[in-house]
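User: Here is a two-chain model I would like to go through. Please take my questions one at a time.

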Amino acid sequence: MWTRKASFTFTGGIALILIGMMIANLQMMILGLTFIAFIVVNSWISGHGDVEVQRTLSADNLYKGDDLYVELLVTNRSNRNTQLLEVYDNIPHEMKLRSGLNQMRLNLKPGESARIRYVLRCPLRGHFSIGPVSLRSRNTFNLGVEEMYVDHHSDIVIFPQIKEVEEAFLRSRTPKMYTGATTLRTPGQGSEFYSLREYVPGDPFKNINWKAFARTGDLMVNEKCRDAVTDLYILLDSRDIARIGTVLKNPLEMGTVSAASLAAFFLKRRDSVALAIFDDNLSYLPPDTGDKQYFKILSALAGVAPKGTMPLQAVTNSLSGRFSRGSPVFIISSCEGDGTVPAAVRDLVGRGHEVTVLSPSSIDFERLVSRIPRMSYEVLKLERQNRLTTLAGSGAMVIDWMPDMDLSQALMQVRGY
Amino acid sequence: MLDELNLNYRRIGLQAAFWSVMMILLLSILVNFVNISNTNQLSAYDNDWNDMSAFRQDIKDLGIQTNSLVSSPLLLADIEDPRNTTYILAGVERDTLSLPQFDSDGFITIASEDGYSPSEIDAIVEFVDAGGTALVLDDYGFAGSIAQAYGVRYTGYQLFDTTYVQELDYNYIWMCIQATPCGMNGTSIDPTTISVHERWSGASGEGAHPCSLMNGQSMPLEDAGLCAHHWNNGEIEYNATYQMLLNNITALELIPGVNGALSEVSILAVTSNEATVDVNGDGEIWVGNEVNSETPDLWGQFNLTVEACARKSCDPNEGGRIVFIADGSALINAIYDYEGFNDPNNPLYGTNNCVTNNTKCIPENDNRKWALDFIAEALMSSKIGEEGQPSENAMVIFDESRHPQNALLADSYNTVYFLLVYFTGEGLAMLLLFLGLFIAFEAVLIKKRDPEPWRHVFSIIYYGFGDANRYTYYAKTDKIRQVFLSKVRNQNGLSREEFHAMPARELVSLINDPVLAKFAIEPSKYSLEQTVAVVKRIKAWGRT
């Protein structure tokens with residue numbers, strides 16, 4: 001593709017030739033021909049984008065706010081120089097360039113390589129992709145430009161931030177609730193040794209006690225004590241109404257942070273954590289423990305987007321049968337625009353669950369982006385307080401979570417209701 | 001995979017169809033403008049019997065530069081030294097392209113059936129006015145528009161005369177360049193009727209041919225220069241008699257009452273008194289005392305060569321001149337170089353009846369002598385000491401722009417070149433061209449954009465707005481009352497049924513605030529200030 005300069009040179013050349021012919025001015029015609037010849041000769045000398053690109057990331061998964069180190073290795077695999085080649089690594093606009101540059105102008109000789117290093121800050125959770133790599137080759141006098149790209153992508157998942165949660169804030173009114181894993185003297189899945197027994201087909205090889213096998217000549221397997229764990233259920237409201245606020249401060253964003261933090265806290269104590277996200281659908285991760293569950297929960301939370309209007313009661317009706325008896329349930333919802341919340345909470349409490357409602361104050365998030373008349377704001381707040389009071393009256397622990405409040409601070413309010 | 005293949009075929013098919021239609025359209029346009037003819041003749045650059053290569057070669061041998069004009073006579077305006085330039089136009093076989101142009105009155109016209117556009121004729125006239133010499137040889141072609149500019153008309157009807165070459169046929173007619181017609185004595189020209197070129201011989205007192213001034217001078221052939229064809233045995237032997245052989249001719253008329261571009265118009269050669277013109281073209285001559293449907297043809301004496309000069313002397317140093325001859329083929333190789341044409345041992349222009357059967361041989365003629373004398377008069381140097389030699393810038397231009405080519409590329413090239421000259425020489429076209437260039441520059445300026453520099457833009461701007469319509473609803477008294485009553489009910493742990501069944505007196509005592517109690521029980525209108533005060537009170541209510 002010709003650049004503007006080339007187009008002007010060409011048009012100017014033609015104009016000079018024609019005007020030169022009109023006024024019978026040979027010098028003008030020669031000048032015009034020189035312009036045209038300049039374009040023609042330049043078109044013979046062009047660069048190319050036949051390069052190999054390899055991108056290396058410091059991590060495939062990150063937490064929101066972390067830095068990602070990227071290195072791009074560009075190698076000229078052809079037998080001629082690239083001429084002036086611009087290389088640009090396309091990065092999502094949600095990522096901030098913290099240091100270095102994601103582009104470079106190169107003139108690589110055959111077989112030569114160059115590295116582009118830069119650091120990205122990832123302020124938003126989500127699933128992102130870095131790439132493709134755009135290439136733009138220019139000829140010597142910038143008369144011709146050719147654009148192409150190398151279809152090389154690197155996927156990355158940005159998890160929600162994990163906040164520190166103090167145990168004291170999560171102490172239950174029920175004894176032995178939220179106390180983490182306790183060992184029971186019965187065989188099962190756990191971490192402590194219980195006994196040796198003979199190998200039965202189907203036992204995993206990793207459980208075979210090779211020393212006992214050497215000693216006795218029979219295949220023996222280790223049995224572990226069963227860990228008794230608490231099953232914790234987190235219900236995250238991801239309805240469309242949860243989007244109100246700014247990009248970093250809105251009920252959904254705070255909800256994902258709190259869900260991830262609670263999950264991290266309980267999984268670290270070897271409790272089982274289940275996660276249900278409801279928007280226009282219900283997606284449910286059954287209770288489980290360990291790093292794998294932790295990764296699953298974070299991955300699920302990374303991809304959450306506000307949509308739909310599924311009522312909470314539909315969620316509890318669908319899932320309450322699967323909840324372990326007496327297990328604690330965390331409902332993270334602004335409780336706006338859903339008249340079924342009191343009934344759903346009452347139902348869960350009635351089934352013996354320890355229900356905690358963590359409710360980001362959506363009206364205060366809305367105030368960050370909209371100018372709400374003072375009186376309307378006060379009445380809206382009163383209505384919200386009435387709603388939370390109703391939930392507290394149903395037997396749930398209710399937390400009114402203001403935008404400028406840390407999760408730990410918010411959890412302290414449990415006592416207030 | 002199969003779908004992708006089909007899609008590919010369809011795309012290729014579509015492309016092929018598109019380009020086919022484009023080619024058909026282009027060809028249909030080209031066919032209108034490009035005439036590929038098999039009768040490529042009268043060209044100074046071809047050496048068939050009916051071309052003029054021998055004449056051109058003679059001119060080159062005299063040391064005069066020869067050029068062809070393949071586009072348009074508009075280029076004559078760019079000739080730097082018209083005085084020493086001779087423009088030769090033999091056979092205008094093709095009409096000009098009909099393109100819009102300004103006429104002499106400044107109006108836009110489209111030239112058609114004229115051979116040359118008004119601008120081209122203007123260019124020729126201006127060239128002659130500037131001292132140039134022009135020779136127009138045509139019969140039934142399109143040279144009429146040029147002749148009309150000088151008050152001369154090509155009749156366009158075939159002329160027959162008694163002075164024809166009997167061993168050939170009646171199409172071959174003798175023309176003597178002299179004031180009175182020459183006659184026949186049997187099968188050849190009667191020598192007693194032969195006279196001399198009136199001006200060139202010096203009989204008229206002025207305008208004698210430059211070679212006549214060198215008559216009798218002894219010199220080597222190399223010094224004879226442009227008069228070399230008169231050199232014989234070491235001296236110049238100038239002879240002003242010219243018996244030219246013409247083929248298939250027409251007649252020239254002086255248009256009565258029309259003053260041409262040059263004032264001095266003279267007739268150089270005429271037919272005999274018994275010449276006839278086949279007006280209706282039926283191949284038969286029917287003449288009478290008057291022209292009617294029974295006797296439509298003409299008879300009498302007709303003009304064959306007309307000369308128009310700026311001065312009576314026709315001296316090239318005093319102004320330009322133009323000569324019209326009523327035959328386009330007067331200088332073709334077969335007649336001009338009759339010796340080469342007839343030579344049975346070394347025929348220069350292919351076989352013919354003369355070469356094979358010694359019949360239909362072209363008789364001896366003075367066409368070459370006249371043509372070279374014409375060139376000599378026009379281009380001989382007038383500097384002292386350079387007598388007989390061509391002037392420094394001497395040049396002969398052959399107009400090839402109106403000869404159809406027998407090759408598509410050659411004709412296309414000529415057409416494109418014609419358009420190029422049209423757009424750089426014709427006033428209206430130049431205006432259009434300037435407009436086109438201006439638009440092209442504007443288009444480049446506006447439309448052509450360089451690729452934007454790549455730049456990463458960090459952008460996470462996002463605002464999630466709530467429903468702003470509900471703000472006014474929440475400022476209404478009824479909504480505020482509802483919210484307050486809900487607060488009262490929640491604060492006292494009452495169900496909806498219990499609360500609705502509660503007597504008003506009991507509700508008042510529960511509220512325990514006369515202002516709020518009145519607000520809750522007595523619906524009435526509240527001003528904005530009152531509503532604000534009530535909301536503040538509701539907010540504070542129940543805290544103690």
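Analyst: The model is predicted: local features need pLDDT of at least 70, side-chain atom pairs count only at pLDDT 80 or more, and totals for chains, interfaces and linings use all residues. Residues are numbered from 1 along each chain as its sequence is written, while chains are lettered from A and ligands numbered from 1 in the order in which they are written.

User: Which element of chain A gives the largest share of the side that touches chain B?

Analyst: The contact involves 47 residues of chain A and 39 residues of chain B, where contact means that C-beta atoms, placed from the backbone, lie within 7 Å. Elements of chain A that give two or more residues include helix 1 (4-22), strand 4 (84-89) and helix 8 (362-369); helices (H or I, at least four residues) and strands (E, at least two) are DSSP runs numbered from the N terminus. The largest share, 11 residues, comes from helix 9 of chain A.

User: How many residues on the side of chain A that touches chain B are charged?

Analyst: Ala, Val, Leu, Ile, Met, Phe, Trp, Tyr, Cys and Pro count as nonpolar, Asp, Glu, Lys and Arg as charged, and the others, Gly among them, as polar. On that basis this side of chain A has 21 nonpolar and 16 polar residues, and the charged ones number 10.

User: In strand 21 of chain B, which residue is the bridge partner of G245(A)?

Analyst: Strand 16 of chain A pairs with strand 21 (residues 463-464) of chain B in the antiparallel sense, over two bridges. Strands pair if DSSP finds at least two bridges between them. The partner of G245(A) in strand 21 of chain B is G464(B).

User: What is the handedness of the crossover from strand 19 to strand 20 of chain A?

Analyst: Strand 19 (residues 328-332) and strand 20 of chain A run parallel and are joined by five bridges, with V329(A) and V355(A) as bridge partners. The chain passes between these strands through helix 7 (residues 341-350) of chain A. A crossover is right-handed if, with the strands pointing away from the viewer, the path from the first strand over the helix to the second runs clockwise. This β-α-β crossover is right-handed.

User: Within what arc do the buried residues of helix 7 of chain A fall?

Analyst: The buried residues of this helix are V341(A), A344(A), V345(A) and L348(A). An α-helix has 3.6 residues a turn, so residues three or four places apart point the same way. The buried residues of helix 7 of chain A pack against helix 6 (312-319), strand 19, strand 20 and helix 9 of chain A. They line one face of the helix because, seen down its axis and taking directions from the axis to the C-beta atoms, they fall within an arc of 95 degrees.

User: Which peptide bond is cis, with omega near -5 degrees?

Analyst: Most residues other than glycine have a negative phi, and most peptide bonds are trans. The loop between strand 8 (126-130) and strand 9 of chain A holds P132(A). The cis bond runs from G131(A) to P132(A).

User: Is L42(B), with its positive phi, buried or exposed?

Analyst: L42(B) has phi near 60 degrees and lies in the loop between helix 1 (2-33) and helix 2 (53-61) of chain B. Because L42(B) has 26 C-beta neighbours inside 10 Å, it counts as buried.

User: And N512(B), buried or exposed?

Analyst: N512(B) also has a positive phi, about 60 degrees, and lies in the loop between helix 16 (504-511) and helix 17 (514-521) of chain B. With 10 C-beta neighbours inside 10 Å, N512(B) counts as exposed.

Technical notes:
Two residues are in contact if their C-beta atoms, placed from the backbone, lie within 7 Å. A residue is buried if 20 or more other C-beta atoms lie within 10 Å of its own, exposed if 12 or fewer, and partly exposed in between; C-beta atoms are placed from the backbone.
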